[in-house]
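Hi,

Here is the structure I promised to pass on. Have a look at it first, and my notes on the helices follow below.

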Amino acid sequence: MNRLILSVLLIVLVGCDHQTGGSGRDKGDYEYLDTQTGLRVAYDVPSPITPDFIKEEWLYTLQCTELYASGPYVAMVKPGSFLPYSGMFYRGDEVIEIDADCLCIDVVAHEMIHYLLFENGLAVDNHESVLFSKCAPFSTLNEEYIY
Ligand SMILES: [Zn+2]
């Protein structure tokens, strides 16, 4: 693959970091609630990433992982908040944050996999679960592929 294209893809696709602590958020504060799943979405800033898209990603992730949990709390945050990553999962309060400008190819699903693994008492500290490559394959690319 062309090196420039690959570099551009990496910027778009890079996955996430995760924190053992909390996000400091009030999870009662959100703009969107899906009453069927419990999914909540908060917007710190405007984002082209719609609640409908996030719900689709949640339903897809449940189906693909064959895991279950009530819907997560997802916040769209100021662009560049955790560069070079596009997403973050806070285990302390089970909050997902997504860069509001992220193109989000698999990034939302990637963070949801972290959440589902955590909720189900499975590995949460790394990306060793096969579910990342199975259900969010583009999010698992990282620096080691830059050459
Ligand atoms: Zn991750």
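I started with H2, where the buried residues are Ile 54, Glu 57, Trp 58, Thr 61 and Thr 65. They span an arc of only 100° around the axis, which puts them on the same side of H2. The spacing makes sense: an α-helix has 3.6 residues a turn, so residues three or four places apart point the same way. Keep in mind that this is a predicted model.

What sits over that buried side? The cover includes strand S3 (40-43), strand S4 (73-77), H3 and helix H4 (130-135). On the other side of H2, Asp 52 and Gln 63 are exposed.

As for its dimensions, H2 runs over residues 51-65, 15 residues in total, and reaches 21 Å from first C-alpha to last, close to the 21 Å expected at 1.5 Å a residue. Glu 66 follows H2 and has a positive phi, near 60°.

Now for H3, one of the elements covering the buried residues of H2. H3 takes in residues 107-119, and its 13 residues reach 18 Å between the first and last C-alpha, close to the expected 18 Å. Eleven of those 13 residues are buried, so H3 is largely enclosed by the rest of the structure. Among the buried ones are His 110, Glu 111, His 114 and Tyr 115, along with Val 107, Val 108 and Met 112. Just after H3, Gly 121 has a positive phi of about 70°.

Cheers

Methods:
Residues are numbered from 1 along each chain as its sequence is written. This is a predicted model: local features need pLDDT of at least 70, side-chain atom pairs count only at pLDDT 80 or more; totals for chains, interfaces and linings use all residues. Helices (H or I, at least four residues) and strands (E, at least two) are DSSP runs, numbered from the N terminus. The expected span of a helix is 1.5 Å times one less than its number of residues. A residue is buried if 20 or more other C-beta atoms lie within 10 Å of its own, exposed if 12 or fewer, and partly exposed in between; C-beta atoms are placed from the backbone. The arc is that of the directions from the helix axis to the C-beta atoms. Two residues are in contact if their C-beta atoms, placed from the backbone, lie within 7 Å.
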